[in-house]
Amino acid sequence: MLVSKLFAEFSGMTFKKYLNTVRVKKACELMEITDLKLSEISIMCGFGSIRAFNENFVKIMKCCPRDYMKG
């Protein structure tokens with residue numbers, strides 16, 4: 001059995017979704033404790049572009065990063 005199938009079976013999500021969730025959660029932490037720009041945070045958390053960061057953030061957090069920062 002492929003590792004990706006085992007991961008999905010045990011975690012209930014694909015590895016890609018898990019990884020993006022971890023990245024977004026780290027971005028949330030950075031937004032709360034730093035004054036970094038969203039573009040800097042997105043790069044630090046491993047997203048290849050601000051667009052990819054925004055799309056994944058909205059999927060996972062159900063709001064846009066700017067709304068999250070406002071509180």
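Helices here are DSSP runs of H or I with at least four residues, and strands are runs of E with at least two, numbered from the N terminus. Keep that in mind as you click around.

**Before you start.** You're looking at a predicted model, so local features need pLDDT of at least 70 and side-chain atom pairs count only at pLDDT 80 or more, while totals for chains, interfaces and linings use all residues. Residues are numbered from 1 along each chain as its sequence is written, and side-chain values use heavy atoms, with hydrogens and water left out.

**Whole chain.** Show the cartoon first. You'll find five helices and zero strands, giving the pattern α-α-α-α-α along the sequence. The C-alpha atoms fill a box of roughly 45 × 20 × 20 Å along the principal axes. Of the 71 residues, 23% are buried (buried is under 20% relative accessible area, exposed is over 50%, and partly exposed is in between, with a 1.4 Å probe and protein chains only). Take contacts (heavy atoms within 4.5 Å) between residues at least 6 apart in sequence: 39% of them join residues at least 24 apart.

**Select S42.** This serine sits in helix α3, residues 38-44. Is S42 buried or exposed? S42 is buried, because its relative accessibility is 2%. Once you ignore neighbours within four places in sequence, S42 touches F47, I50 and F53.

**Select the core.** Now pick V24, A27, C28, L30, M31, L38, I41, C45, F47, F53 and F57; these eleven residues form the largest nonpolar core (a set of buried Ala, Val, Leu, Ile, Met, Phe, Trp, Tyr and Cys residues joined through side-chain atoms within 4.5 Å). Helices α2, α3 and α4 each put in at least two of its residues, and α2 gives the most, with five.

**Select α2 and α4.** Their axes lie 10 Å apart and the helices pack at about 95°. (Axes are lines fitted to C-alpha atoms, for helices over the stretch in contact, and angles run from 0 to 180 degrees between N-to-C directions.) So α2 is roughly perpendicular to α4; that label covers 65 to 115 degrees, whereas under 35 is roughly parallel, over 145 roughly antiparallel and the rest oblique.

**Select the salt bridges.** How many salt bridges does a search of the whole structure find? Two, where a salt bridge is a side-chain nitrogen of Lys or Arg within 4 Å of a carboxyl oxygen of Asp or Glu.

- E29 and K26: the N to O distance is 3.5 Å. They are three residues apart in α2 (residues 15-33), which means about one helical turn separates them. E29 is partly exposed at 42% relative accessibility, and K26 is partly exposed at 42%.
- E55 and R51: N to O is 3.1 Å here. These two are four residues apart in α4 (residues 50-61), so about one helical turn lies between them. E55 is partly exposed at 41%, but R51 counts as exposed at 62%.
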